[in-house]
Amino acid sequence: MSAVKDARALLASSASSRRTFLTANFTESFKSRPNSTAPSLSKGSRSAIDFDSARRIANPLSHLSTRSTAVAGATKQSTGWEAVAGRPGSSTSGLSSSATNHAKKIEEYLNLEHMQRLRLQFDGADSDGSGTLDMDEFKAVFHSLLGKKSHKITSEEQMTALFMKIDSNSDGHIDWDEFCTYMMLEFREKDDAYARSIQVLFDCPASCIQTPHHEPIMRITSLGENSIVTASQDGTICFWNSNQELKKTFKPELTGRSKSKWITDVIILNNLNKFALSTGDRELQIYEVSSFDPHCQISGLLSVPLRLDFWCNSKSIKECLLSFGDADGCLNCFLFSNLMSCLRLWKKFPKVDRIPNVTLESVITSDDVKFIRWKVHNDWVTELKYFQSLRSIISCSHDSNSALVIGSVEGSTHVETLLRELGQSALRKQAASYSVPKRRYAADQTVFRIYKGVKTFDFSYEHNMLATGGMDRALRLWNPYMPAKPTAMIRQAHNSPIAKLIICTGEGRIYTIATDKSVKVWHMKDHSCLVAIPAKGHRIKGDLQAAYYNPLNRLLAICTDQLAFLYQRGRPAIRDKVLSHRDPVQRVLFNTSFKQVVTACEGSVVKVWDIETGHLVFEFSNVHETDAISDMTFDWSERRLITSGRDGTLRVWNFNNGHCRRIYKKANKKEITSITYMNINRNCHVVAVGWDRRINIFPDVIDDLHFVHYPLKYMPDDIHHGHQEDILVVKFCPPSFLATASFDGEIIIWNMISYHIFSRLTPPAPGKNCATYNPLEGDAAVTQLVYLSSRAGNKTSASLIANGPRGHIHFWCLYEKKVMACFSAGRHNAVSAMTQTQDDSVLFTADRQGFIVLWDIKSYCLLKSASVPPPEILRWRGHVEAITSIEYAKLYNVLLSSARDCCVRMWTLNGHLIGTFGQASLWDIGSSSTYEYPMMPKDVVFEPLTDDDVGSRDPDAEMFDRVAETKSEESSEERDGDEEETNLEFDLEIDDVLSVGTATPAPSSRISKIGFTIHGRDDSGCGKRLRQAKETPKLWSRVTASNHYQVLSTHNLAPEPDISCPNTLTNRTNQFDLEDF
């Protein structure tokens, strides 16, 4: 703490002392790693730099790796691991799976030598002696620093972008302090982002289910498609579906026995629709999965089988390997060249206890079976498994001298043995091969000698990692080809012996469960404990018997006297569903200066994405501590991000490095619901509204050195004649208007020059037949406003669009204070988000059902009121939950959408999915072949709307009576003419809605009239979506969803149509013109 205090004291001192301190810290940080590239900071305040971790800013992510390398010696690490191989190394940030292929930033090329030279050149390049560098001087410094390689490493555009990121206050100059702050804070936030990316949480307590088992469950395994099978020692076998519901129960019949047979293990015979179980009577029994009919049994085994394993060749199901470990420490292997033929033959054998019985001698003499028995361990075999990647069987026992053995199935050929056996019959050779178990040659196996043996193990081929756990409570990681020493070991992984160990390669985690039922999750790369759940946390009773982890739905099943499930928090409901955030996304913005997309979620996390590729550029958390983000906007330069939270504060950020530059505080802590940035005559202000029912205006003065700012005095009209309900949205209407809307549907237009109310817009009363209208439940609320700036000078046209009351779209004339049009977005779905193109020709709306609609409003309500909705251009479903924000990116002519389903997606204006931010594969916005289209999001495919979800249109329940004067002004001839061209058929059938996510275009005549052309539409695309829905298995949480694809008609697949991509740069006057799209 003293070091931190000293650092803060130096930071508050003169500029020269601050520079000396920063240079010393950078020098100390880069000494140990002269080639390091990424400085970082430890956790601390963003407003004041914390130099606690200056020693590790050179390369904060150097501990990441996918493999360990064995070296001599063992040193105790801070994480509690005894690393025999040293800590692995890597240079990736871990922010996304595809980030390693992304181009490096300029600052990532800097090392200690560069920083020392840069410090000197900062003063040398300061030609005017101001102590700061402008953009030209900054570029000259970096070109001189990087030398001849500067043009290969970076471009002028990247240099300009870096200068703008550092110069977040837009004063046109940067100094050494600003440069160091940017560098250190950026890489500190990368540390925090990596920690969040590997975080894992479980919902506790566990969900416990009572089972038909009367004995402890000794085996749990997967049946496929997220179904599981549990077996107990009394022979009871239960089959559970993907929703953890009991479907079938099986128990072998008793024939002349007072007690059931002792079941030691159960294994599913993949691709054969059968399962095998081993008994204490030295038998292997095979049953049908569908009917539980006994197929056959192999009796007369030489020892009691304890653990079973089955492998089937994926290319030919005839070639199989059935192996088991017994109580004598032997491995018994049945190699089948044609298993199906053997099963058909064995089914005809005489029955014993109502099941066809085959003796071991009969099996061995079969031409399609080869039986091999190896003496491997000196104790019981606790686990075994065959790995095709190693072409070996791995088995373990409690014997220290043969704790774990990796050996071949058949073994190598020995010449002397063959010479001795020449002349003997094949039958005698077979008899000799199993009557006395053989031992493998030393070249055929690898023996791991571990203290107190091994109780459980698992192997990952992708990471070349073997993990073991046992009675000594230590967790060891091995290179399978180096048995002498483990690459890493933790001596006290648990307080009791480790009973089960599972490696999840896709997640990069190791799950361990001890006999005291404590659960721990370890990270495979940095070997840290991500989460530890004690027995009191999950509240599972009984003694641990078995465990199983399903990586598809991230479900951990633990078997004791009962069946318990631990659900991982934040898991996607659909398999392989891409999530942009872990929490519902509140806002999405597009930054034209840096060509980036900024998103914010309720978890108080802000992420910055590259719009051209979908790459995660940067993220920072704890934006409003533990409170959710309610809204955000950019300042006039788009270099600073302003966020509002439910804690009643606003914060100004340099969103490129997570530096909090300023805090705005109100007199109260009531939630802020909406903010906007206002620039009138070069006077910049931040306006915030919320539950305090007041308009809070904060001046944005760049030269003000205070960190905390407070609002100006409330406007007199705001105090005496303002809103009487909570204000939900605020919108700046240039040049000098400000629009606010409240929970009761009232809209007030403020003149921000005189600070008086310009007009008050009160929506008309609902119709007489509207019995469902209830203002207390939010039916009157207005949550979105859109201002048509191109109509600012037209006093007779509608220039303000509101999404309420009752989620209906209202067109308001500000000067005449009247509603010029009111209509529903269709199907009574309340509009939740709106935006428009910059020329105000097209309106984008999104609703709570996840639909996105495009409307042609170029001439709508321009001269007179309208009684019909504007022409609908296109409609498609983009999300399965309420859409919270949509943003139009003019530079690329694309649409961005965010929703409460934690996804942020990008679409072409034809409704084609470009991609979801956060997906593994990056896209190229200039190449349509990298788009996700013609595929739709899987959650949209799997969760179609039902009749009850969509509802039917009730013509008698209109929200408002049409304005009487509007009806009298329009003649019947005009209405008839409008109906032919602009009237929409809102009373569509369910099939016309295409709720599975297909886009519904407007008629071609209407599209061509407004300058739109829809290319690439092919009915065969529906067939691809249906095929995707059929081929992809569903998870337990989606079993009850409506399967509409089963009743829809399918079409033959045709070649995919060529589609063009959005223009990256355009100089067209009409940005929404898609003629060349």
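Predicted model: local features only at pLDDT ≥ 70, side-chain atom pairs only at ≥ 80, totals over all residues.

Residues are numbered from 1 along each chain as its sequence is written, and side-chain values use heavy atoms, with hydrogens and water left out.

Select residues 475-478, which are strand S24. Strands here are DSSP runs (E, at least two residues), numbered from the N terminus. Show the side chains: Leu 475 and Leu 477 point one way, Arg 476 and Trp 478 the other, and all are buried. Buried means under 20% relative accessible area, with a 1.4 Å probe and protein chains only.

Two strands pair if DSSP finds at least two bridges between them. Thr 468 has Arg 476 in S24 as its bridge partner. The two strands form a hairpin with five residues between them, and in the turn Arg 473 has a positive phi of about 65°.

Next, select strand S25, residues 488-490, which pairs with S24 in the antiparallel sense over three bridges. Here Ala 488 of S25 stands opposite Leu 477.

Now go to Glu 671, in the loop between strand S40 (659-665) and strand S41 (672-680). Glu 671 counts as buried because its relative accessibility is 15%. Its C-alpha atom is separated by 5.8 Å from that of Asp 647, 24 residues apart along the chain. Leaving aside neighbours within four places in sequence, Glu 671 is in contact with Gly 645, Arg 646, Gly 690 and Trp 691, where contact means heavy atoms within 4.5 Å.

Note on methods. Buried < 20%, exposed > 50% of the residue type's maximum accessible area, 1.4 Å probe, protein only. Helix = DSSP H or I, 4+ residues; strand = E, 2+ residues; numbered from the N terminus.
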